[in-house]
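Open the model in your viewer and keep the selection tool at hand.

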Amino acid sequence: MEEEETGHGWAAMDSTGVLSPFAFPLRAMKGDDITLKVLYCGICLTDLCTIKNYWRNAKYPVVPGHEIVGVVTQVGRDVHKFKIGDKVGVGYMAGACRSCDNCRVDDENYCPKLVPVFNSFYPDGTKTYGGFADMVVVNEHFAVRVPETLPLDKVGPLLCAGITVYTPMKQHGLDQPGKHLGVVGLGGLGHLAVKFGKAFGLRVTTHGKMIMVGTSTKPMEIPSFDLVSGGKSIVGSMIGGMKVAQEMMEFASEHRVTPEVEVVRMEDVNLAMERLEKGDVRYRFVVDVANAFHDSRGV
């Protein structure tokens, strides 16, 4: 067991959601863990909803961020996927049981013991802090290799918005050229769905199957007659497993699928959150984390 280190990030302390500098204990490294120096971290609506406690699940203090791009600075003795200096990405997941039916088929995202990368706790009680920080410690299984051809400031949104649309498109046969794709809402997720659809060779329009990848606090109202008479279906999907996440990164690299982003400084992150809440972003914010922290652990 490695000695515990201190991380430095920006955290919300209450439901005002205002982020400010915050020091916290980094999780002590285990044999199959890696430590990252965070370079960039995307901003997702989930971050906003959590720091403002809109979903009534905030565990303050909250260091948000689950679209993490960084460089490996330490590796545990049992790590085999990565080496020091590798560029990696970490998305929403930081842990899972690795033994349930879902985990055994690479659907860790549906594991009943899923541990999110922020605003959560590992089974041993250790709290998870996200990517709005200088360092992150995570099990190597929950990191993906970043292809050299992808620009690092555009990788973060692929780890959440990207995998969230890529996974159901693959699972429901929307990766076959000539099929039709309908995208409702051209935001952070929607614009990537269009880009992946183009790369798959799809025709972008509307028909047949509705795949819900976003959430709402209000119940859905479904016109059952139209659903039944048209032979239509509605399904749900949440992010994706680690095997599909790595596949998605390679596909994005090969087909040059990257999100449209606006890079912001850490000191401007509160303004970015205000703009996100108003829908004033085309189409994803990414925080330049590395330039916000200067210490001797840099690489």
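Start by colouring the protein chain by domain: domain 1 is 6-157 + 260-288, and domain 2 is 164-236. These bounds come from an automatic or database domain assignment. This is a predicted model, where local features need pLDDT of at least 70, side-chain atom pairs count only at pLDDT 80 or more, and totals for chains, interfaces and linings use all residues. Residues are numbered from 1 along each chain as its sequence is written, and side-chain values use heavy atoms, with hydrogens and water left out.

Next, look between the domains. Their centres, taken over C-alpha atoms, lie 27 Å apart. Domain 1 brings 7 residues to the contact and domain 2 brings 11 (contact means heavy atoms within 4.5 Å). About 630 Å² is buried between the two domains, 51% of it on carbon and sulfur atoms (buried area is the accessible area, 1.4 Å probe, that two parts lose on being put together, summed over both).

Select Glu260, Tyr283 and Arg284. In domain 1 they lose the most area to domain 2, together 61% of what that side buries.

Between domain 1 and domain 2 the count is 1 salt bridge.

Last stop: select helix α3 (residues 161-171) and helix α6 (residues 242-255). They pack at about 100°, with axes 10 Å apart. On the α3 side, show Gly162, Ile163, Tyr166, Thr167 and Lys170; on α6, show Val244, Ala245, Glu247, Met248 and Phe251.

Conventions: Axes are lines fitted to C-alpha atoms, for helices over the stretch in contact, and angles run from 0 to 180 degrees between N-to-C directions. Helices (H or I, at least four residues) and strands (E, at least two) are DSSP runs, numbered from the N terminus. A salt bridge is a side-chain nitrogen of Lys or Arg within 4 Å of a carboxyl oxygen of Asp or Glu.
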